[in-house]
Amino acid sequence: MLPASPTLLAVDDEPRLLNSMRDLLSLNGYEVDLESDSRNAIERLRTGHYDIALLDLKMPHVNGQQIMQYVAQHNIPTDIIVISGEASFETAVEALRLGAHDFLTKPYTPEQLLKRLDNTLAQRRLRRDATAYQKRLRNSEKLHRFLVNTSPDIIYVLNEEGCFTFLNKRVTQLLGFTRDDLIDKHYTTLVHEEDQELARFTFNERRTGKRATHNVELRLRTKGGSGGHRSFSTQLMCIELNAIGLYSSTGHDNERRHVGTYGVARDISERKQAEETIRYQAHHDLLTGLPNRTLFKDRLNMMIAQARRTGHKVAVMFIDLDRFKIVNDTLGHVIGDQLLRAAGQSMQECLRDADTLARLGGDEFVILLPQVTDHKSASAVSSKIIAALKQPFVINQRELFISASIGIAMFPDDGSTDDELIKNADIAMYSVKNDSRGGYAFYAQAMGSEFSQHMDLEMDLRRALSKEEFAVYYQPQFDTTNRRIVGIEALLRWQHPERGMLYPDSFIPLAEEIDLISRITLWVLDATTAQMRQWMDAGIAPPRLAVNLSALDLKHTTIVDETIQTLQRHGVPGNRLELEITETLIAQDITRATHHLTALSHHGINIAIDDFGTGYSSLNYLHRLPIHTLKIDRSFVRDIAPERNERSVIDAIIVMAHGFNLKVIAEGVETEAQRDWLEQRNCHTMQGYLFSRPLPVQDIEELLRASQADQENPGLIQANRHNA
Ligand SMILES: Nc1nc2c(ncn2[C@@H]2O[C@H](COP(=O)(O)O[C@H]3[C@@H](O)[C@H](n4cnc5c(=O)[nH]c(N)nc54)O[C@@H]3COP(=O)(O)O)[C@@H](O)[C@H]2O)c(=O)[nH]1
């Protein structure tokens, strides 16, 4: 913009001319400075910011040409109008060559001068506007270039043939290709083969405005670019693209001609990854990475539909890990989780690619065997899985042992829908578990009622404590050298209102499964120590009362305090109680077992290892734990063959017990031959049907009284007379 009133400098060595010029110009609204000395004129032009200088040519000292040369050399932005007395053509041309904007010869009319001034000012204004416009244009172009090149998206232009004519710098960061790699190359150089049809359709659409193609997803090749989506090859990137047709108006009829396509491609790898993660999480069990129930049912339904067409069978196998709960509850969830992962992997290795293994939750897994012809393949897979899971799992340098119960339901024989097949496989699995023999079984209709009985049993067990349906039986332990009762073992019985007397093997595992076991243990401890107190008061108490602990009891930190409090409540000294625990329990968490058992033994309580030799016998824990007694399992006693003379497990146990200064009790002694054989091995404490079956409280009390009398009058009692 020029200032409202342009500033002028008039330079002439004739003051008269200068004055008349000032009068004329002032009258017409111009501000004008006068200079009659051309030497000063140069200085004034250098510092004065004049719009126009009215310059005489012929002056003393410095002439007009020299002033113009100075102005040109120093880029002084003042326009010059020469007002000269010389009217020759050469003078005018020379003046214009030196940079004058106009030429006026003296004498001139006021109109001529004003007209020249107006023209020069108008041109000056135009020039300034053009410069400002160009500057704005340059800035705007710079801004757009910046925006295009720093855009997070790829901006592209394709020509009519589909070759790149423009790409912003982002393409290099995202795809690894330089722009030179791609300019003039066809877009198929970048687009993944499988997406080229979609790309062709997109770029050929040639739409514009609101109808332009939006949000098409394509995969682009990368050249070691940073992108790369994990569901695809690392050489591919997922983008979302829009494409707009480019047109030019041609010829006289203004016909629109397609000249190319431009658009923006956005890297959506992260979004894709997030979507994939969500999809993955919705269909997988996050702990094991196996399919979850939803994905399993999807695949099962697909296979059912296929089997309907082909006439094949489909097998659904329901797998429950036996003893997993014990590991999880005693060793904690971290180890439990690792065990589940390892078991999952181990099962997976038994399967073919087309089979599906899924985790439903907890320790329950299901397998889908598609397209089987008969039961054989399901049997074979079950046997493989059972064998694989029997192998010890080494977790945190600890060997863990589990096994599996598997139920199998076949389509179409055992169900026509996914839910029905899974439910019936589950029922078959329960039937296996109920038999407590492990292994696998195919669904049979009769199992349905067995399953509902199992459910009923669970409900009944939850009520059994409050309904006082439990009773304790006692089995005596004898010293065969003098036939005295040295202890009695408390054995739990459940007097079920409909099913009659139930033995522990049929309900203790269930009580463990439904977390009822510690309440039952506390009840047994309370009932038996109360009984012991009564017998102590009557003077017939046996030296020791043995009570069984479940594998899960030691997981509760309160077990120690509760046991001590129970003893104190009934006034029974700690050394009259022996707690029987199994080897499995100890091996599973030796640290916790050591801690609890040491605390119990500080109160005089004895610790016996039940079923010794059947599990994970380790000399290591015998050293570390406060153990007082080893019980030889009845399976070893049953196998005693007096006619054979070779050394047996029992010999080893007896030697070990004596070596560690431990008492040893043989359980399950049923025959005199077994008794004699054991006595020959220096094992004199025995328990078994040969001496007495477990007895209800009145009968054991009678036996205790008789034993007491026998002590006072030896020979009165026959140890085996109470056998039922
Ligand atoms: N956590 C708890 N476990 C308990 C409790 N009460 C018992 N149990 C455990 O249940 C298992 C089975 O017990 P039970 O059916 O009572 O069987 C015991 C005896 O009846 C049986 N036995 C005794 N002598 C003989 C014999 O000569 N032959 C033969 N075939 N069986 C015999 O052995 C069982 C006692 O075994 P053990 O405990 O190993 O000494 C059993 O494992 C009990 O531990 C309880 O309250 N809590």
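This is a predicted model: local features need pLDDT of at least 70, side-chain atom pairs count only at pLDDT 80 or more; totals for chains, interfaces and linings use all residues.
1. Overall make-up. The chain has 724 residues, of which 36% count as buried, and its secondary structure comes to 25 helices and 26 strands. Among the contacts in the chain with a separation of 6 or more, 60% are between residues 24 or more positions apart.

2. Strand β1. Four of the five residues of β1 (7-11) are buried, so that the strand is mostly covered. Its partner is β2 (31-35), which runs parallel to β1 and is joined to it by five bridges; within this pairing, Leu-8 stands opposite Val-32 of β2.

3. In the model, Asp-56 sits in the loop between β3 (52-55) and α3 (64-73), and it counts as buried because 23 C-beta neighbours lie inside 10 Å, where 20 or more are required. Apart from neighbours within four places in sequence, the residues in contact with Asp-56 are Val-11, Asp-12, Asp-13, Gly-64, Ile-83 and Ser-84.

4. His-61. His-61 counts as exposed, because it has 11 C-beta neighbours inside 10 Å and the cut-off for exposed is 12 or fewer.

5. Asn-396. A positive phi, of about 50°, is also found at Asn-396, which is not a glycine. Asn-396 is placed in the loop between β14 (393-395) and β15 (398-400), and with 9 C-beta neighbours inside 10 Å it counts as exposed.

6. Asn-168. This residue belongs to the loop between β7 (164-167) and α6 (170-175), and it is buried because 20 other C-beta atoms lie within 10 Å, a count that just meets the cut-off of 20 or more. Leaving aside neighbours within four places in sequence, Asn-168 is in contact with Val-148, Asn-149, Ser-151, Ile-154 and Ile-155. For one of these, Ile-154, the C-alpha atom is separated from that of Asn-168 by 6.2 Å, although the two residues are 14 apart along the chain.

7. Cis peptide bonds. The bond joining Lys-106 and Pro-107 is cis, with omega about -10°, and Pro-107 lies in the loop between β5 (102-105) and α5 (110-150). The bond from Phe-411 to Pro-412 is likewise cis, with omega near 5°, and Pro-412 is found in the loop between β16 and α14.

8. Helix α14. With 17 residues (418-434), α14 reaches 24 Å from its first C-alpha to its last, close to the 24 Å expected at 1.5 Å a residue. Twelve of the 17 residues are buried, so the helix is largely enclosed by the rest of the structure; among them are Asp-418, Leu-421, Asn-424, Asp-426, Met-429 and Tyr-430. The elements covering the buried residues of α14 include the helices α10 (293-310) and α15 (446-464), together with the strands β11 (313-322), β13 (364-372), β16 (403-411) and β17 (439-442).

9. Ligand shell. There are 26 residues around the ligand, and Leu-491, Leu-492, Pro-504, Asn-548 and Gly-688 come nearest. The shell divides into ten nonpolar, seven polar and nine charged residues. At least two residues of the shell come from each of β19 (484-496), α17 (517-538) and β23 (606-612), and β19 gives the most, with three.

How values were computed. Residues are numbered from 1 along each chain as its sequence is written. The expected span of a helix is 1.5 Å times one less than its number of residues. Two residues are in contact if their C-beta atoms, placed from the backbone, lie within 7 Å. A residue is near a molecule or strand if its C-beta atom, placed from the backbone, lies within 6 Å of it. Ala, Val, Leu, Ile, Met, Phe, Trp, Tyr, Cys and Pro count as nonpolar, Asp, Glu, Lys and Arg as charged, and the others, Gly among them, as polar. Two strands pair if DSSP finds at least two bridges between them.
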